[in-house]
Amino acid sequence: MNKKLIITALLALVAMAGQAQTKNTAIVKGYSPALEDSTVVNIYIDNMSAASDTVFGGRFTLTVPVEKLTESRLFLMGKGCPNYLSTLFLSPGVTVSLTGTDCLHPLWKVDSPVPEQQTINRIMEHNSEAIREYLLIELDDASWNKMLPIYMKMLKQTLDILPSLPVDAASLTKLEGVAHTAKNMKDFPYMQQLKELEASTAARAPKGFEKELAMIHAFVYPSHVQQVGEEFVDAELFDMQGKTHRLSEAFADGRHVLLDFWSLGCGPCRMAEPEMREVYERMKDRLEIIGINRDNPSAWQENDWSKKIVWPNWNDGKMGKGGVENLYCDEDAIPYYVLLSPDGRILWKNVGYGVGWFLGMAEAISGPKQDNSANLQLAVRHIDVNSDGTTVSFRYYGKKGYWFRVVSDSYLTANGKKYKVTTADGIKLEENNYPQVKASSATEGIMEDMYYSNFTLTFEPFDTIPETFDFKEGDGQGAFVIRNISLK
């Protein structure tokens, strides 16, 4: 082979490589003179970052790996950029261009050959005035109460335009978003319109969208969500190796079970993990934790964070859309926790994470039978009842430097009466008290600053010794409450 032929062959290989890359990627380009240099641009697919770039000269370019029509979210982090995810539909080999004159990227012009993106563009154009109002008030750090009426206006406008649009992946995504809001909102004002649109959309939808239509129907006509006091409902999931499991497996040897609904991109989920790990190590014989992940299974299985989790780590493949979450979660928010008793009844459920929650939960499980779910940081450890009074030993968990207060109007209730606090030991009533004892040997993370305080309160003696009683730290808003404290 001569030199000329070698060069020709190399150029052919380069061209083939470029074509292979094009077949499996989409290009997203953007420009606005208002964007500041160093603004970070991300594309998310299935709640995971798929591509990122940094703005320079008002421009950015992202090469996004896609193998089929893909719904993605564009997010910009920089001065003047709203906290808003813009929907982009991408296909292999296409280039999508966004242009604007400000930082309000959801309102920028989007040039794309993808038909589904053109559907999104029509919806955004129809809603543009309400969207602009929403973005500007969000940038002004307005409260959700001020933003909600504008958000509802956007949903109404979406319902109004959807009947005129083709039934495709884009219009179904928007309809699903409205239906999901309706599921999570009491007295959704446009429910009748939504029901009519759901039915008409299903009637004219082409084949291939059965899964999406079923999900929308489930949001419009939601099934019952299990509540505190009700029995758990079994479900099938799979672990990181693909082996199937059932929730009922967790109930062994009389253990409580904590369901942890989480996602890889959830900051509070990761923040809570060190405290959960500490409790898990201490309470293996009394408490099982089941992590229920809502990410794309392949991303979840390949992630290093997932591999570090020490308790059962499962997924139902629904990515937060139906499945186990529909059985237990009242809100589409994470982290979401559900505590089950050894006999399979729901004891507590809540969204978000509070420092000291799980250590306080462990204290309650290990101590006298009680319901401290209203304020998990505080738990009863011991009770001494005699004719002179009732002395209750408490432990409070909190972050170092954060105070707690117990009012002098605290009391116990039993036998239809109140029994007032008479003395306190270990804290000062009506004053700021700070956790004093380090709760863990950890030297980093949330557990490094986790502390606790032990204290006792003595109350007026019971007239008749009850089987159970309640503790109330006064009647003010946010008061500590522990119910059904057992003397057995």
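In what follows, a residue is called buried when its relative accessible area is under 20%, exposed when that area is over 50%, and partly exposed in between, with a 1.4 Å probe and protein chains only. Helices (H or I, at least four residues) and strands (E, at least two) are DSSP runs, numbered from the N terminus.

With those terms, I begin with helix α12, residues 357-366. Nine of its ten residues are buried, so α12 is largely enclosed by the rest of the structure. The buried residues of α12 are W357, F358, L359, G360, M361, A362, E363, A364 and I365.

A word on the source. The model is predicted: local features need pLDDT of at least 70, side-chain atom pairs count only at pLDDT 80 or more, and totals for chains, interfaces and linings use all residues. Residues are numbered from 1 along each chain as its sequence is written, and side-chain values use heavy atoms, with hydrogens and water left out.

Now the protein as a whole. It has twelve helices and 23 strands, and its C-alpha atoms fill a box of roughly 100 × 60 × 45 Å along the principal axes. Of its 488 residues, 47% count as buried. Taking contact to mean heavy atoms within 4.5 Å, residues 24 or more positions apart account for 63% of the contacts with a separation of 6 or more.

I turn to helix α6. Its 14 residues, 191-204, reach 20 Å from the first C-alpha to the last, close to the 20 Å expected at 1.5 Å a residue; the expected span is 1.5 Å times one less than the number of residues. Which residues of α6 are buried? They are L194, L197, E198 and T201. These four cover an arc of only 105° around the axis, which puts them on the same side of α6; the arc is that of the directions from the helix axis to the C-beta atoms. An α-helix has 3.6 residues a turn, so residues three or four places apart point the same way. The buried residues of α6 pack against α4 (144-161), α5 (169-184) and α7 (210-220). On the face turned away from the buried side sit the exposed residues Q192 and A203.

Next, two open sheets; here two strands pair if DSSP finds at least two bridges between them. Axes are lines fitted to C-alpha atoms, for helices over the stretch in contact, and angles run from 0 to 180 degrees between N-to-C directions. Strand β2 (residues 40-45) pairs with β3 over six antiparallel bridges, and V41 has D53 in β3 as its bridge partner.

Another open sheet of four strands has the order β4-β1-β7-β8 and mixed pairing. Its edge strands are β4 (59-65) and β8 (109-111), each of which pairs on one side only. Neighbouring strands here are turned by 15° against each other on average, direction ignored. Strands β1 (residues 25-31) and β4 share seven bridges in the antiparallel sense, with T25 opposite P65 in β4.

Finally, T458, in strand β21 (residues 450-459). At 17% relative accessibility, T458 counts as buried. Leaving aside neighbours within four places in sequence, T458 is in contact with T390, T391, K420, V421, T422 and T423.
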